Amino acid sequence: MDTKMIAVRAGHKGAVTKLLKKFEEIQQSSEADYEEISTLLEVVTQKKRTLENINEKILEQTSDEDVAVEILESDEYMFNLEYKLRQITKLSKSVQNQSFPANEPISSNLNPHADNFIQSVPSTFISQPSTSANQQYTHSSNSRASCKQTPDSASLNDCLLNVPPKLNEVTTILLRFRLNKYAVSTDIEKAFLNVGLDIEDRDVTRFFWLSKPTDPNSDLTTYRFKSVLFGATCSPFILNAVLSKHLNNHPVDFTDKLTKDLYVDNIVSSFESEEELLKYFKLVRSYLQMEDLICAHGPRTVNYYKY
């Protein structure tokens, strides 16, 4: 059995224990915050998925005589975790109903003092039939967007620090990409949406949408982003910082190569043999899954050189 995988599972279980302890503190508190509970619910749910994936991998490597014990212990832990998740969900719905009565708009949860200086982010409907989702919504943060109250007003990007993110050199990555016989490229699925936005910063990502999407004459409702906004000036820097932290905190044999071959949310590498390439891709995919991320698709290999 892979001792590394067992240690990773133990680490995630330790994180879950701390999260559940936080939940117990919230239960005992007289003033429960909906945003805090909903964030806790999302994190614990994601941890549950991660543990399920790890359990499957450990079970595959478990010897025949230890399989029954492994299944019994894993199922017991996951049962208790599912029970706690239902408790968190129940509390979340209860607090939400208290915070947002049926006749009260969602915007009531926004900072009441934000209207004087925060602009809403305009949204646009686009169709992308080639993606997994047939339709998507995109939001603009640039200075030419219609969210500005006047031509002289600032947009969201105008208020963000505009510094280049610390990214790898594209030229260097492309040269290494052509260096070996077999090349592969992939990207991290919904990378920006996997990065949570701090609760205090969510007001600046407000946008309007129909209360009934199928009825164009329905009232507008105010929503806020809970994840990093694609297209914001600082988003590439934030994503790079998050990925770098994961790679630095959980190093394995191939993290150095992965760090060098990473550009924003793209991974571009090359290898001498197809076997090396496929092994690398499977390892990277498993690694990202354990970090609550995932590669968007399988490897696309290109045979550049024939001898």
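What is the accessible surface of the protein chain, and what percentage of it belongs to carbon and sulfur atoms?

## Overview

The accessible surface comes to about 19400 Å², and 52% of it belongs to carbon and sulfur atoms; such areas are computed by the Shrake-Rupley method with a 1.4 Å probe, and for residues only the protein chains shown count as cover. This is a predicted model, in which local features need pLDDT of at least 70 and side-chain atom pairs count only at pLDDT 80 or more, while totals for chains, interfaces and linings use all residues. Residues are numbered from 1 along each chain as its sequence is written, and side-chain values use heavy atoms, with hydrogens and water left out.

The protein chain has seven helices and eight strands; these are DSSP runs numbered from the N terminus, helices being H or I with at least four residues and strands E with at least two. Of its 307 residues, 34% are buried (buried means under 20% relative accessible area, exposed over 50%, partly exposed in between, with a 1.4 Å probe and protein chains only). Among contacts (heavy atoms within 4.5 Å) between residues at least 6 apart in sequence, 70% join residues at least 24 apart.

## Strand β7 and its partners

Strand β7 covers residues 266–271, and five of its six residues are buried, so the strand is largely enclosed by the rest of the structure. Strand β3 (residues 182–187) runs antiparallel to β7 and is joined to it by six bridges; two strands pair if DSSP finds at least two bridges between them. In this pairing Thr-186 stands opposite Ile-267.

Strand β6 (residues 262–263) also pairs with β7 in the antiparallel sense, over two bridges, with Tyr-263 opposite Asn-266. The two strands form a hairpin with two residues between them, and Val-264 in the turn has a positive phi of about 55 degrees.

## Nonpolar cores

A nonpolar core is a set of buried Ala, Val, Leu, Ile, Met, Phe, Trp, Tyr and Cys residues joined through side-chain atoms within 4.5 Å. The largest has 21 residues, and those with the most contacts inside it include Leu-239, Leu-258, Ile-267 and Tyr-280. The elements β3, α5, β7 and α7 (274–290) each give two or more residues to this core, and α7 provides the largest share, five residues.

Leaving aside neighbours within four places in sequence, Leu-258 is in contact with Leu-247, Ile-267, Tyr-280, Val-284 and Tyr-287. A second, separate core has 16 residues, among them Leu-19, Tyr-34, Leu-41 and Leu-81.

## Aromatic pairs

The structure holds four aromatic pairs; rings of Phe, Tyr and Trp (its six-membered ring) pair if their centres lie within 6.5 Å, with planes under 30 degrees apart counted as stacked, over 60 as edge-to-face and the rest as tilted. The rings of Phe-207 and Phe-225 have centres 5.3 Å apart and planes at 50 degrees, so this pair is tilted. Phe-207 lies in strand β4 (residues 207–210) and Phe-225 in the loop between β5 and α5, so the pair ties together parts 18 residues apart in sequence. Both residues are buried.

The pair of Phe-271 and Tyr-280 is tilted because its planes stand at 50 degrees, with ring centres 4.9 Å apart. Both Phe-271 and Tyr-280 are buried. Lys-257 lies over the face of Phe-271, at 4.8 Å from the ring centre, and over that of Tyr-280, at 5.8 Å; a charge sits over a ring if NZ of Lys or CZ of Arg is within 6 Å of the ring centre and within 35 degrees of the ring normal.
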